[in-house]
Amino acid sequence: MAPPEKDDGGRKKKESIVDLSRFIDKKVRVKFQGGREAMGVLKGYDALLNLVLDNAVEYLRESTDSEKIGEETRSLGLIVGRGTAITIIAPADGVEQIANPFANPDE
């Protein structure tokens with residue numbers, strides 16, 4: 001096993017465990033802390049998972065139930081999502097919301 005790479009200061013070189021390179025120039029959906037969601041074309045990222053999304057749209061919450069994300073959107077254009085605020089990154093195609101199997105059906 002090769003020894004870990006070191007930077008100029010003698011510290012271990014930080015590497016991201018997530019490889020988003022296969023999603024460059026493809027649509028991704030991102031969930032942020034606080035419940036906001038956006039979707040856009042991934043243009044770049046770094047080891048801290050800061051993301052650059054182009055043609056981004058934000059999914060707005062429903063006015064009747066602030067916990068639910070509706071289908072209404074607003075255009076954001078080019079955005080930078082801070083990696084520490086991101087909770088989920090998923091490809092846009094093949095993403096669908098499913099019922100919570102652990103939720104009590106009486107609620």
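I began with Arg36, which forms a salt bridge with Glu58, the closest N and O atoms being 2.9 Å apart; the term stands for a side-chain nitrogen of Lys or Arg within 4 Å of a carboxyl oxygen of Asp or Glu. This pair links distant parts of the chain, with Arg36 in the loop between strand 1 and strand 2 and Glu58 in strand 3, 22 residues apart. I noted that the model is predicted, that local features need pLDDT of at least 70 and side-chain atom pairs count only at pLDDT 80 or more, while totals for chains, interfaces and linings use all residues. Residues are numbered from 1 along each chain as its sequence is written, and side-chain values use heavy atoms, with hydrogens and water left out.

**Entry on Glu58**

I looked up the accessibility of the two partners, taking buried as under 20% relative accessible area, exposed as over 50% and partly exposed as in between (1.4 Å probe, protein chains only). Arg36 is partly exposed at 46%, whereas Glu58 is buried, with a relative accessible area of 7%. Glu58 also forms a salt bridge with Arg74, where the closest N and O atoms are 2.7 Å apart. Glu58 lies in strand 3 and Arg74 in strand 4, so this pair ties together parts that are 16 residues apart in sequence. Arg74 counts as partly exposed, at 41% relative accessibility.

**Entry on the other salt bridges**

I found that the structure holds five salt bridges. In one of them the side chains of Asp25 and Lys43 meet at 3.0 Å, N to O, and this pair links the segment before strand 1, where Asp25 sits, to strand 2, where Lys43 sits, 18 residues away. Asp25 is partly exposed at 49% relative accessible area, and Lys43 is partly exposed at 43%. Salt bridges that share partners also join Arg29, Lys31 and Glu37 into one network.

**Entry on the sheet**

I then turned to the fold, in which the chain has zero helices and five strands; helices (H or I, at least four residues) and strands (E, at least two) are DSSP runs, numbered from the N terminus. The five strands form an open sheet in the order 4-3-2-1-5 with antiparallel pairing, where two strands pair if DSSP finds at least two bridges between them. The edge strands, each pairing on one side only, are strand 4 (69-81) and strand 5 (86-91).

Strand 1 (residues 27-32) is joined to strand 2 (residues 37-45) by five bridges. Across this pairing I located Lys31 opposite Glu37 and Arg29 opposite Met39, and these residues recall the network of Arg29, Lys31 and Glu37 noted above. The hairpin of strand 1 and strand 2 has four residues between the strands, and Gly34 there takes a positive phi near 95°.

Strand 2 and strand 3 (residues 51-61) pair in the antiparallel sense over seven bridges, with Val52 as the bridge partner of Gly44. Their hairpin has five residues between the strands, and Leu49 in the turn has a positive phi of about 65°. Seven of the nine residues of strand 2 are buried, so strand 2 is largely enclosed by the rest of the structure.

**Entry on the whole chain**

The chain exposes about 8500 Å², of which carbon and sulfur atoms supply 50%, by the Shrake-Rupley method with a 1.4 Å probe, where for residues only the protein chains shown count as cover.
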